[in-house]
Number of protein chains: 2
Amino acid sequence: MCTSVGALRLCHYHRLVVQKQIGTSIYNSLKRMLCSQVSLEVNKLLELKKKLGDEAPKKFTLKTPKGTRDFNPEQMAIREGVFNKIIECFKRHGAETIDTPVFELKETLTGKYGEDSKLIYDLADQGGELLSLRYDLTVPFARYLAMNKVSNIKRYHIAKVYRRDNPAMNRGRFREFYQCDFDIAGQYDQMLPDAECIKIVVEILSSLDIGDFVVKVNHRKLLDGMFAACGVPDDKFRPICSSVDKLDKTFWDDVRSEMVDEKGLDAQSADMIGEYVRYKGGLDLINELLKDEKLKAQKNAIEGLEDLKVLLTYCEAYGVTNRVIFDMSLARGLDYYTGVIYEAILTGQVVQHDNQGEESVGVGSVAGGGRYDGLVGMFDSKGKKVPCVGVSIGIERLFSIMEAKALASEKKIRTNETEVFVIAAQKNMVEERLRLTNTLWAANIKTEQSYKKNTKMLNEFQYCEQAGIPLAVIIGQSEIEAGVVKLKIMGSREEREVPRSNMIEEIRKTLASINQNNTTAAKSES
Amino acid sequence: MCTSVGALRLCHYHRLVVQKQIGTSIYNSLKRMLCSQVSLEVNKLLELKKKLGDEAPKKFTLKTPKGTRDFNPEQMAIREGVFNKIIECFKRHGAETIDTPVFELKETLTGKYGEDSKLIYDLADQGGELLSLRYDLTVPFARYLAMNKVSNIKRYHIAKVYRRDNPAMNRGRFREFYQCDFDIAGQYDQMLPDAECIKIVVEILSSLDIGDFVVKVNHRKLLDGMFAACGVPDDKFRPICSSVDKLDKTFWDDVRSEMVDEKGLDAQSADMIGEYVRYKGGLDLINELLKDEKLKAQKNAIEGLEDLKVLLTYCEAYGVTNRVIFDMSLARGLDYYTGVIYEAILTGQVVQHDNQGEESVGVGSVAGGGRYDGLVGMFDSKGKKVPCVGVSIGIERLFSIMEAKALASEKKIRTNETEVFVIAAQKNMVEERLRLTNTLWAANIKTEQSYKKNTKMLNEFQYCEQAGIPLAVIIGQSEIEAGVVKLKIMGSREEREVPRSNMIEEIRKTLASINQNNTTAAKSES
């Protein structure tokens with residue numbers, strides 16, 4: 001037993017050495033002494049623990065994991081509103097939906113995210129397959145297409161993804177967050193699916209009350225052609241593209257010095273890039289660039305420009321030209337894009353403050369995406385490609401904005417949809433109350449009542465007002481005897497009796513007229 | 001450099017020992033030799049890899065993790081239908097909703113699930129907090145209440161939970177699965193929230209087309225009182241309760257032998273239990289048991305019976321008595337229940353086959369829950385209790401049943417809601433098509449069109465029929481000149497021209513009348 005006591009936990013070899021040095025009998029005495037001493041201390045501690053156990057509270061860390069949050073009913077009501085508008089738009093465009101597991105085989109995610117792979121959450125190896133939490137919805141979508149041999153689909157997918165990033169929760173950056181993705185997979189004609197993705201971004205952002213925005217568009221092939229035209233060596237295309245990607249957050253001078261000092265780009269090339277990335281415009285600019293001597297020599301650049309020309313024509317037909325701007329400084333971080341890329345930026349007066357109270361630079365993107373024709377092929381054993389284009393809505397930023405607006409407006413957010421509250425006028429009427437409530441539920445009227453047996457009418461009315469429940473239905477002994485119920489409209493305090501026989505009809509009519517009045521009032525307010 | 005070669009990776013001490021034994025110069029020669037040999041081998045392997053890389057396909061395991069599945073658009077359509085019915089019911093009862101992260105601090109889940117804790121998925125320790133995937137929604141709910149000091153709420157929560165259990169996917173048992181929970185927290189009067197939970201189970205199961213069912217009810221206090229009356233020692237209450245819990249899947253003889261042979265219960269006690277657990281009935285049975293000499297001596301038993309009496313009275317008022325049966329063999333597995341418990345069982349002709357083609361014993365539970373008044377207190381530093389009662393809908397089993405039914409019916413499931421398909425009658429009309437589609441989207445009409453520039457009308461009509469799109473809107477040069485569009489009702493093949501000026505109104509009317517016809521047809525069929 002004593003061999004397990006820490007103070008004497010020696011390996012066989014060392015025990016022999018010590019025994020040899022101090023002699024076996026001294027060693028044994030020492031061991032016995034230490035053991036009994038340790039036992040004494042352990043017993044003392046155990047007694048102390050027992051005493052404390054009765055008084056001291058159990059110590060739990062009451063928190064959610066770093067970078068995550070609970071959603072309370074108010075937040076859920078906002079979230080539901082945003083989701084409904086987004087899903088309505090996806091359905092208006094005929095999209096189906098799919099779902100995939102929250103974790104994937106680790107190897108499914110390997111080699112898809114470049115440097116960001118270090119942010120992937122792995123599951124513990126508890127025997128069996130090695131798993132990781134999904135990092136986005138695009139790679140699982142590509143895996144789904146390849147695995148199920150789906151060669152064309154228009155789908156949306158709204159689900160949580162996981163990144164072990166440095167959280168900035170007040171700016172909408174979390175470790176667990178929703179992505180709202182819409183993608184069109186299939187071999188289709190030039191720019192037709194791409195234009196619909198941009199149309200969808202404009203529809204969604206317009207439907208949410210978040211102020212002005214603009215959708216920047218560019219093309220990976222144009223970027224590559226431009227890099228070639230500026231003398232960037234082939235193997236530096238991606239690193240230089242990453243530098244350009246920082247232009248929305250950093251000044252050109254810093255980006256230039258990253259290119260030249262860190263990434264070893266020729267200063268002249270950097271300056272030429274500096275000229276090109278200033279270009280922003282529409283069809284006119286594209287037509288001008290198509291005549292640019294240096295770009296004309298680059299097949300990629302011309303293909304990119306031709307795509308963008310068609311894209312902007314389609315945007316015109318979709319009535320979104322006023323929202324779309326061709327911007328040669330847009331690069332997008334992810335490696336897998338192969339064609340058109342786009343990003344929506346809020347341009348309204350959204351100023352956010354970070355932890356240190358400093359204003360953040362730029363308002364950041366609220367949607368982004370592009371064409372990725374190679375990703376599905378990475379999963380296919382024969383490398384069979386499925387061209388894809390898609391967009392991801394940055395839903396957490398939108399939540400943050402909507403939540404801030406809701407807080408500022410001080411308008412109460414309803415967290416349930418209860419239409420009727422059933423109240424008994426006297427004591428000992430609980431079963432009558434239950435039966436009445438049951439009748440309303442059967443008629444699909446959203447109804448609540450107290451979980452107290454006997455209640456005070458005044459408290460019940462107060463509750464209705466606080467919770468925003470528009471109608472109270474009251475029964476007392478006299479109402480039961482007369483075969484009626486009393487309806488009280490909480491807003492106007494108007495009361496009237498209606499016969500039980502057409503109670504449901506009367507309640508429906510009353511609710512409809514309350515809704516009508518509220519809608520009219522809301523309209524005249526705005 | 002060479003010190004990093006595996007064959008010679010020795011610690012400083014051992015290197016010295018080896019050098020001393022074989023001499024420094026021999027040691028250095030040996031090291032050089034080994035290093036160059038290793039380099040050669042490595043180079044050979046690298047060359048081989050390069051060769052293979054060009055020919056052999058990348059080898060991915062294209063699968064979802066064990067016990068998980070993708071949902072394709074058809075499955076999602078079924079899932080959405082089930083969810084909508086369930087959420088409709090929760091909202092009819094005035095419930096709010098919350099959300100919690102998919103993972104919790106590991107310690108939050110520790111000590112809540114007894115033996116089942118071994119089924120919890122842990123995340124890898126990548127630095128920072130130790131995390132586990134949630135095992136159910138009840139423990140996160142209790143953590144949420146304690147953390148946010150919420151003392152009363154009626155909420156639902158629909159989200160995925162994770163169990164490293166042995167999956168039986170064709171019987172609806174997965175490692176990742178949805179739970180649909182409805183709970184009422186708060187200090188309320190006897191049985192009022194409990195009765196509403198049962199009412200909700202009945203409403204939800206009745207709204208889904210899954211055949212007959214019954215809700216068994218029992219009470220933990222009655223079980224404890226009954227065990228005491230049968231002479232079960234206090235410390236054997238929970239183990240014996242676990243044995244009773246198996247009665248829905250095993251015969252009494254096996255349960256009895258588990259109690260007596262494995263758990264060391266007195267044979268006479270076991271036989272007494274055997275008598276009690278046969279009781280099934282309603283109010284009459286409860287009134288009879290209230291007079292039972294042995295139970296009368298047990299305070300717990302009487303309290304449980306009194307609760308059940310009130311519960312059944314309320315069930316009567318809620319009109320669900322025909323679905324509810326008091327069953328003394330119902331025990332429920334989880335330790336945290338403290339009062340009323342219930343479980344809904346399908347009683348219709350649902351026969352399922354497992355992997356080996358054997359019929360499963362019993363159809364299993366599709367909903368269950370009960371009162372757990374102690375769980376929130378486990379998270380509160382002062383042990384402050386919040387009484388709770390709730391129910392969890394076994395949504396995956398319901399999905400499985402609905403999916404099987406859908407497959408059997410061979411009726412096509414629509415996976416999108418597209419109402420109109422826009423078709424061009426001639427070539428080179430893509431922009432006219434986009435503009436027309438855009439007008440329909442702006443009017444909130446769910447509209448699709450081809451992603452091909454030029455299409456064949458016949459193919460487009462075929463697509464509409466396959467996808468179940470009810471209406472085609474056709475434009476050609478002549479229609480544009482005449483300022484009209486052609487509407488084609490896919491079902492009746494009826495065509496007519498309408499002027500562009502009131503096109504939207506005409507389309508809305510046409511869609512409404514198609515819906516009307518479909519509803520009437522569906523009704524006359526059933």
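Let me begin with a definition: buried means under 20% relative accessible area, exposed means over 50%, and partly exposed lies in between, with a 1.4 Å probe and protein chains only. By that rule A:K299, with a relative accessible area of 64%, is exposed.

Some conventions come next. This is a predicted model, in which local features need pLDDT of at least 70, side-chain atom pairs count only at pLDDT 80 or more, and totals for chains, interfaces and linings use all residues. Residues are numbered from 1 along each chain as its sequence is written, chains are lettered from A and ligands numbered from 1 in the order in which they are written, and side-chain values use heavy atoms, with hydrogens and water left out.

I turn to the relation between the chains. Copies are superposed by least squares on the C-alpha atoms of residues with pLDDT of at least 70 in both. A rotation of 180°, with 0.0 Å of shift along its axis, brings chain A onto chain B at an RMSD of 0.0 Å. The two copies are therefore related as by a two-fold rotation axis.

How many residues does each chain give to the contact? Chain A gives 98 residues and chain B gives 99, where contact means heavy atoms within 4.5 Å. Of the interface residues of chain A, 100% are also interface residues in chain B, so the copies meet through the same surface. About 8,700 Å² is buried between chain A and chain B, and carbon and sulfur atoms give 55% of that area. Buried area here is the accessible area (1.4 Å probe) that two parts lose on being put together, summed over both. On the chain A side, A:L62, A:W441 and A:Y451 lose the most area to chain B, together 10% of what that side buries.

Over all chains, the search of the whole structure finds 76 salt bridges.

Let me take individual pairs. B:K160 and A:D99 meet through their side chains in a salt bridge at 2.8 Å, N to O. This pair crosses between chains, from strand β4 (residues 153–162) of chain B to the loop between β1 (96–97) and β2 (103–105) of chain A. Helices (H or I, at least four residues) and strands (E, at least two) are DSSP runs, numbered from the N terminus. B:K160 is buried at 10% relative accessibility, and A:D99 is buried at 4%. A network of salt bridges links A:R79, A:K160, A:E176 and B:D99. Another salt bridge joins the side chains of B:E417 and A:K91 at 2.9 Å, N to O.

Within chain A, A:K299 forms a salt bridge with A:E303 at 3.2 Å, N to O. These residues are 4 apart in helix α13 (residues 299–317) of chain A, so about one helical turn separates them. A:E303 is partly exposed, at 28% relative accessibility.

Within chain B, B:D327 and B:K280 meet in a salt bridge at 3.4 Å, N to O. They link distant parts of the chain, strand β8 (residues 324–327) and strand β7 (residues 280–281), 47 residues apart. Is B:D327 buried or exposed? B:D327 is buried, at 1%, whereas B:K280 is partly exposed, at 48%.

Next is A:R220, in helix α7 (residues 220–229) of chain A. A:R220 is buried, with a relative accessible area of 2%. Its side chain reaches the backbone oxygen of A:A331 at 3.0 Å, and a polar atom of that side chain lies 2.7 Å from the backbone oxygen of A:R332.

B:N72 caps the N-terminal end, with a side-chain oxygen 3.1 Å from the backbone nitrogen of B:E74. Among the buried residues of this helix are B:M76, B:I78, B:V82 and B:F83. Just after the helix, B:G94 takes a positive phi of about 75°.

Key: A polar contact is a pair of N or O atoms within 3.5 Å; within protein, one must be able to donate a hydrogen and the other to accept it, and residues adjacent in sequence count only if both atoms are side-chain atoms. A salt bridge is a side-chain nitrogen of Lys or Arg within 4 Å of a carboxyl oxygen of Asp or Glu.
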